[in-house]
Structure formats: C-alpha cells, structure tokens
Amino acid sequence: MEIKICAYSNSDYAAFQKMLCTCFWQDYKIPRTEEQLERWQNMLIRQASAEIVFIDLLTADGEAQGFILYQIDSPESDWCIKEGYGFIRELYVAADFRRSGHGKALAVHAETRLRQRGVPGIYLTTDEAMEFWAKMGYRDSGEVCSENDGRIFVK
C-alpha cells in the first residue's frame, strides 16, 4: 500500500468534505448540517490559498484516508490563541486506518512543516485524544481553551 501526505488541492474537495462530515458527525458527534460544514470547509480552503491555514491529506493507494489542519496563529485566522505559535487544529484518520501510525505520520508532518517556518512552539486542544498527544510528546499545560473547552497541550 502506498501512503502519501500531500497538500490539499481542488481535486480533493469531495473527499475532504466527506471526511469533515464523518469527523464531526461520527467522531465528535457535533450536530452540524452539511451546509454548515461546507461553509466552514470553503473558508478553510480560502485560508489555505492565502497560507493562513494548511490542509494536508493522507492518501492510501490514491484514496483520501485522513487529514490534518494546522496553522501559525495570526490575527488573519479565524482562531488565534497564541500568536506566532503553531496550532494543530484538527487531525482525522478514517476508522479503518487508525492505530497503524497514520495519525502519528500526519502529526509529525505538520510539526515538521511548522518548525521549518520557525514557530517557537506548537499547541493543540483536545478532550478525547490526550493519551495519543502525550505519546507524541505534548504535555498538558493545565489550561482550558475558552473556545471549545478542550485542554491545551503544548510541545
């Protein structure tokens, strides 16, 4: 099986939309309509075009099986808690591809790209995957994000 991580392109629109819906409806159980998620997706794509947000997809034999959203916090983004720091916004891996190193590969990929851009540190918020992020070297800062009530982890 050939695994690749590549930047989002317009040809990925439908696959990215399907993963966003699955992520929010099945994993997070957040009641968002398809239209709400599509509006958010389109905003992210516009921000990615301006390099405010980065969207990278993991493919297996050419089929999208995961994604990671990350950014360098700035006032231009719709989410800015620690200006100048790297922020991992979302990480998703299709259920059949979990527990096989794909989430780790996406996270390491984003960390590498953020470090290449000179961030002083990287953070994320989570309330479910704390063990995964701790294994990845992140530590619980003891802070809770007011935007989503998730714990803030830093590296």
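Reader: Why does Glu-143 count as partly exposed?
Author: In this predicted model, Glu-143 has a relative accessibility of 38%.

Reader: What makes Lys-82 and Glu-143 a salt bridge?
Author: The closest N and O atoms of Lys-82 and Glu-143 are 3.8 Å apart. The cut-off is within 4 Å, so the pair qualifies. Lys-82 sits in the loop between β3 and β4, and Glu-143 in strand β6 (residues 139-144), so the bridge ties together parts 61 residues apart in sequence.

Reader: Why is Lys-82 called partly exposed?
Author: Its relative accessibility is 22%. Buried requires under 20%, so Lys-82 is partly exposed.

Reader: How do you know that Arg-89 and Asp-78 form a salt bridge?
Author: Their closest N and O atoms lie 2.8 Å apart, and the limit is 4 Å, so the contact counts. Arg-89 belongs to strand β4 (residues 86-93) and Asp-78 to the loop between β3 (63-72) and β4, so this pair joins parts eleven residues apart in sequence.

Reader: Are Arg-89 and Asp-78 buried or partly exposed, and why?
Author: Arg-89 has 10% relative accessibility and is buried, because the threshold is under 20%. Asp-78, with a relative accessible area of 39%, is partly exposed.

Reader: What makes Glu-51 and Arg-117 a salt bridge?
Author: Their side chains meet at 3.9 Å, N to O, and the rule asks for within 4 Å, so the pair is included. It links distant parts of the chain, 66 residues apart: Glu-51 is in the loop between α2 (34-49) and β2 (53-60), and Arg-117 is in the loop between α3 (102-116) and β5 (122-126).

Reader: Why is Glu-51 called exposed?
Author: Its relative accessible area is 51%, and exposed means over 50%, so Glu-51 qualifies. Arg-117, at 39%, is partly exposed.

Reader: How many salt bridges does the structure hold?
Author: It holds eight, among them Lys-82 with Glu-143.

Reader: What is the secondary structure of the protein chain?
Author: It comes to four helices and seven strands, in the order β-α-α-β-β-β-α-β-α-β-β.

Reader: Why is the protein chain called as compact as a globular protein of that length?
Author: Its radius of gyration is 15 Å, close to the 15 Å given by the globule rule for 155 residues, so the description holds. Buried residues make up 43% of the chain.

Note on methods
Residues numbered from 1 in each chain as written. Predicted model: local features only at pLDDT ≥ 70, side-chain atom pairs only at ≥ 80, totals over all residues. Heavy atoms only, no water. Helix = DSSP H or I, 4+ residues; strand = E, 2+ residues; numbered from the N terminus. Rg over C-alpha atoms; globule rule 2.2 N^0.38 Å. Buried < 20%, exposed > 50% of the residue type's maximum accessible area, 1.4 Å probe, protein only.
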